[in-house]
Amino acid sequence: MPYPYVLLSAAVSLDGYLDDTTPERLLLSGPADFDRVDAVRASVDAILIGAGTIRADNPRLLVNSPERRAVRVAAGRPAYPLKVTVSGSGDLDPAANFWHTGGEKAVYTTQKGAERARALGIAADIVPLGPELDWRRLLTHLHDELGIRRLMVEGGGTVHTQLLQQGLADELQLVLAPLFVGDPDAPRLFGPGAYQGGRLRLVETRRIEDVVLHRYEPTAPGAGGLAAAADRHWLALACELAAQCPPSDTAFSVGAVIVAADGTELARGHSREAGDPVVHAEEAALAKLDPADPRLAAATVYSSLEPCARRSSRPAPCARLILDAGVRRVVTAWREPDTFVTAADGTGLLAAAGVDVLVLPEHEERAKAPNRHLL
């Protein structure tokens with residue numbers, strides 16, 4: 001199911017703390033960075049914090065700039081993004097600032113937590129997720145039921161940790177402040193646990209007064225049939241490669257990327273690459289790798305169009321090439337239409353051989369774009 005774009009935002013000390021243990025909130029950045037955060041808030045559809053952050057900081061969580069609110073209203077959007085919190089227990093203070101400032105609010109909780117929140121008179125739309133909190137159900141509900149396309153997550157550490165561990169964060173905006181906390185009892189940004197492997201990709205570094213903003217994107221593919229945020233990044237790249245194909249009236253334009261389990265890009269390719277009029281994207285990418293490369297067994301192939309199951313131009317279709325390479329996971333944006341091959345079903349061929357195949361339909365229009373003349 002499609003999820004919103006999930007942006008994690010936090011500021012930390014040089015030793016990785018969100019705050020100290022004094023009663024007053026530790027201000028880790030200054031006016032210029034606060035204004036940057038305000039601009040990010042104004043750009044999103046919803047802002048999410050954990051219930052612990054409401055208890056500890058009692059935030060209002062607003063877009064403070066009247067000009068930015070006016071721009072939102074002029075574009076037909078509410079002045080303030082939806083404010084969202086997550087609480088397993090539903091034990092929330094109905095007098096907190098969170099409920100009495102800004103626009104609409106939502107609480108995601110458990111069945112029991114919903115009963116408690118309603119009994120407390122919490123002024124919000126209360127959404128029970130079942131016996132336990134489930135981030136994928138939460139994100140699906142935000143996307144499908146509330147129309148949220150961009151979600152900013154401002155804490156706390158437990159929320160950030162869970163979203164990263166489950167591969168659901170599309171971007172991390174981390175501000176590093178030039179000070180140390182040094183108190184082991186102070187809250188840290190990230191907790192212990194099993195994080196998805198791989199290095200994050202640094203996409204921006206910017207100095208803002210005396211702090212530094214780092215923006216990262218995840219790189220490690222998801223596992224099995226579960227989509228991770230990095231799957232969407234890599235599939236978007238495959239769609240970009242499709243747009244680089246020489247145009248054809250007799251074949252689709254397709255892009256493909258092969259990515260190792262640790263997020264390392266192994267190879268990429270696109271249809272009709274290097275002047276070969278019949279080469280397919282997955283075929284071009286696989287040809288750049290040693291068939292004995294041990295990383296292939298745990299790799300993911302991203303293809304803007306599902307790998308072909310039948311072709312007349314070469315002995316082996318791309319689905320067979322993927323199986324022969326030992327790849328066990330494929331992510332695609334678009335099922336092959338009957339334009340050239342009736343009932344191609346490369347997805348079915350791969351799945352029957354035990355390959356996990358994910359179709360992310362939110363990328364379908366991008367995959368179709370360079371092929372409009374064929375549809």
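Is Ala 343 buried or exposed? Ala 343 turns out to be exposed, at a relative accessible area of 52%, where exposed stands for over 50%, buried for under 20% and partly exposed for anything in between (1.4 Å probe, protein chains only). The model looked at here is a predicted one, in which local features need pLDDT of at least 70 and side-chain atom pairs count only at pLDDT 80 or more, while totals for chains, interfaces and linings use all residues. Residues are numbered from 1 along each chain as its sequence is written, and side-chain values use heavy atoms, with hydrogens and water left out.

On to the overall picture. The protein chain holds twelve helices and 14 strands; these are DSSP runs numbered from the N terminus, with helices (H or I) of at least four residues and strands (E) of at least two. Its C-alpha trace spans about 70 × 40 × 40 Å along the principal axes. Of the 375 residues, 52% count as buried.

Now for the inside. In soluble globular proteins, nonpolar side chains tend to be buried together. A nonpolar core here is a set of buried Ala, Val, Leu, Ile, Met, Phe, Trp, Tyr and Cys residues joined through side-chain atoms within 4.5 Å. The largest one has 30 residues, and Leu 48, Leu 138, Leu 142 and Leu 151 have the most contacts inside it. Among the elements that each supply at least two residues of this core are strand E1 (5–12), helix H6 (135–146) and strand E7 (171–176). Apart from it lies another core of 23 residues, including Leu 235 and Val 257. Back at Leu 142, its contacts (heavy atoms within 4.5 Å) beyond neighbours within four places in sequence include Pro 4, Val 84 and Tyr 108.

A few backbone spots stand out. Most residues other than glycine have a negative phi, and most peptide bonds are trans. Leu 61, though not a glycine, has a positive phi of about 60°; it sits in the loop between helix H2 (51–57) and helix H3 (66–74) and counts as buried at 8% relative accessibility. Ala 343 also isn't a glycine and has a positive phi of about 50°, in the loop between strand E13 (329–332) and helix H11 (346–352). The peptide bond from Gly 155 to Gly 156 is cis, with omega near 0°, and Gly 156 belongs to the loop between E6 and H7.
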